[in-house]
Amino acid sequence: MPAQDLARWDISIMDQKLMKPSSYREFEAEVLLKNGVGTHYGLGVDVDMEAGHRAISHGGEVSGFTAENIVFPDERVAVAVLTNQDAAGAAGAIAHGIAPLLLATNDSATSQKEEQARKIFDGLQHGTIDRSLFTDDANSYFSEQALKDFAGSLGTLGTPQSFNQTGKALRGGMTLRVYRVRFAQKTLRVWTYEMPDGKLEQYQVAEAN
């Protein structure tokens, strides 16, 4: 289909006019394994969080063409990318590069929090943290062994080329901030959960999609 038709399909998901609301809830719900582990998959779509926002997505490929489609139903935002390439990841790279730009949320504290997150990352690369920034639970997590593990996995990456906030949301009374950390050969996703008093309950790092 042309991109315009795919965009119409995305709008129909956001408007929820083709099916009953209960059908859309089932369509977008993550399927869980018997042991309770999430699959990041709904009914024919990937279900995940991106830049701190709920995302419904799927890629596609047929000889000579690839596609990536991401819908953020809560924000009524969608990204549809079609490329005339074969066995290439351009569609996904473009779509996931555009999405944070559309959803980026800045506030008066963004620059300060971004700098704080960057300094914490630098500390983790060297196996240290400023424990005054974290809650008791977070400090329990950052044991000496955990800090050694962080230094071992992050230290060899060197200085990030960029460290930018890509999303912000409220989760369970805490403020979630999401960052994208770019290196020459790798991109990481960092996210923090901040308590109302400003202390960090979580600071997590993972490879970006």
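This is a predicted model: local features need pLDDT of at least 70, side-chain atom pairs count only at pLDDT 80 or more; totals for chains, interfaces and linings use all residues.
**Exercise 1. Follow the chain from β6 through β7 to β8, and state how the strands pair.**

Solution. Step one concerns β6 and β7. Strand β6 comprises residues 174–182, and eight bridges join it to β7 in an antiparallel arrangement. Within this pair, R180 stands opposite R189 in β7. The hairpin that leads from β6 to β7 passes through four residues.

Step two concerns β7 and β8. Strand β8, residues 200–207, pairs with β7 over seven bridges, again in the antiparallel sense. Here W191 stands opposite Q204 in β8. The hairpin of β7 and β8 has five residues between the strands, and G198 takes a positive phi near 95°.

Step three asks how far β7 is covered. Strand β7 spans residues 187–194, and six of its eight residues are buried. The strand is therefore mostly covered, where buried means under 20% relative accessible area.

**Exercise 2. State the order of the strands β1 to β4 in their sheet, and explain which of them stand at the edges.**

Solution. The four strands form an open sheet in the order β1-β2-β3-β4, with antiparallel pairing. β1 (46–50) and β4 (77–83) each have a single partner strand, so one side of each is left without a neighbour in the sheet; these two are the edge strands. Neighbouring strands of this sheet are turned by 25° against each other on average, direction ignored.

One pairing may be examined in detail. Strand β3, residues 65–72, is joined to β4 by seven bridges, and the two run antiparallel. N69 stands opposite A80 in β4. Helix α1, residues 3–15, lies across β3 and β4 and runs at about 155° to β4.

**Exercise 3. Identify the buried residues of helix α2, and decide how they are arranged around its axis.**

Solution. Helix α2 covers residues 21–28, and its buried residues are Y24, F27 and E28. Seen down the axis of α2, these residues fall within an arc of 85°, so they line one face of the helix. On the other side of α2, R25 and E26 are exposed. It remains to ask what covers the buried residues.

**Exercise 4. Locate the salt bridge between D74 and R54, and explain which parts of the chain it ties together.**

Solution. The side chains of D74 and R54 meet in a salt bridge at 2.7 Å, N to O. D74 lies in the loop between β3 and β4, whereas R54 lies in strand β2, so the pair ties together parts that are 20 residues apart in sequence. R54 has a relative accessibility of 26% and therefore counts as partly exposed. The contact also belongs to a network of salt bridges that links E28, R54 and D74. E28 is one of the buried residues of α2.

**Exercise 5. Examine the salt bridges of K113 with E194 and of R118 with E115, giving the sequence separation and the exposure of the residues.**

Solution. A search of the whole structure finds seven salt bridges; two of them are treated here.

- K113 and E194: the closest N and O atoms are 3.2 Å apart. K113 lies in helix α4 (residues 110–125) and E194 in strand β7, so the pair ties together parts that are 81 residues apart in sequence. Both K113 and E194 are buried.
- R118 and E115: their side chains meet at 2.6 Å, N to O. Because the two residues are three apart in helix α4, they are separated by about one helical turn. R118 is partly exposed at 33% relative accessibility, and E115 is partly exposed with a relative accessible area of 32%.

Methods
Residues are numbered from 1 along each chain as its sequence is written. Side-chain values use heavy atoms; hydrogens and water are left out. Two strands pair if DSSP finds at least two bridges between them. Axes are lines fitted to C-alpha atoms, for helices over the stretch in contact, and angles run from 0 to 180 degrees between N-to-C directions. Contact means heavy atoms within 4.5 Å. Buried means under 20% relative accessible area, exposed over 50%, partly exposed in between (1.4 Å probe, protein chains only). The arc is that of the directions from the helix axis to the C-beta atoms. A salt bridge is a side-chain nitrogen of Lys or Arg within 4 Å of a carboxyl oxygen of Asp or Glu.
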